[in-house]
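Have your viewer open and follow along.

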Amino acid sequence: LGGITSTLDEQRAIHEIIKSCDVRTKRTGIQHHVDHIQPLSKGGLHLAVNLQILTAEENLSKGNTFRIEDQALLASRYFGTN
């Protein structure tokens, strides 16, 4: 996963998400992907706050859309709202 990483802590956080994704795939037997909540093509950044783990099926069906539920999730992560 290339892109913007501002600090060593950020790089570590991203690495932990990737490891968690791999563990989830192994535990469930279902392929999972690390997804950009706000796609890079829609102005999203390659930061841990903008990453989530989805099943491969969900991620591939999502494509590069920035769904309303994803917008709400990202806002809650940035601003601590529900």
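## A buried bridge between helix and strand

K62 and D35 form a salt bridge, and their closest N and O atoms lie 2.6 Å apart. K62 belongs to helix α2 (residues 56-62) while D35 sits in strand β1 (residues 32-36), so this pair ties together parts that are 27 residues apart in sequence. Keep in mind as you look that this is a predicted model.

Are these two residues buried or exposed? Both K62 and D35 are buried, which means that each has under 20% relative accessible area.

## The network around it

One of the pairs to look at is R67 with E69, a salt bridge whose closest N and O atoms are 3.4 Å apart.

In total, the structure holds seven salt bridges.

Another salt bridge joins E16 and K19, with 3.3 Å between the closest N and O atoms. Why are these two about one helical turn apart? The reason is their spacing: E16 and K19 are three residues apart in helix α1 (residues 8-28), so about one helical turn separates them.

## The loop between β1 and β2

Now turn to the loop between β1 and β2 (51-55), where L45 is placed. L45 has 36% relative accessibility and therefore counts as partly exposed. Together with Y78 and F79, L45 forms a nonpolar patch on the surface, and the accessible area of the three together is about 340 Å².

H46 is found in the loop between β1 and β2 as well. Is H46 buried or exposed? With a relative accessibility of 2%, H46 counts as buried. What does the side chain of H46 make a polar contact with? Its partner is the side chain of H36, at 2.8 Å.

Notes:
Residues are numbered from 1 along each chain as its sequence is written. This is a predicted model: local features need pLDDT of at least 70, side-chain atom pairs count only at pLDDT 80 or more; totals for chains, interfaces and linings use all residues. Side-chain values use heavy atoms; hydrogens and water are left out. A salt bridge is a side-chain nitrogen of Lys or Arg within 4 Å of a carboxyl oxygen of Asp or Glu. Helices (H or I, at least four residues) and strands (E, at least two) are DSSP runs, numbered from the N terminus. Buried means under 20% relative accessible area, exposed over 50%, partly exposed in between (1.4 Å probe, protein chains only). Patches are made of residues with over 30% relative accessible area and no salt bridge: like charges are joined within 9 Å, nonpolar side chains (Val, Leu, Ile, Met, Phe, Trp, Tyr) within 5 Å. Accessible areas come from the Shrake-Rupley method with a 1.4 Å probe; for residues, only the protein chains shown count as cover. A polar contact is a pair of N or O atoms within 3.5 Å; within protein, one must be able to donate a hydrogen and the other to accept it, and residues adjacent in sequence count only if both atoms are side-chain atoms.
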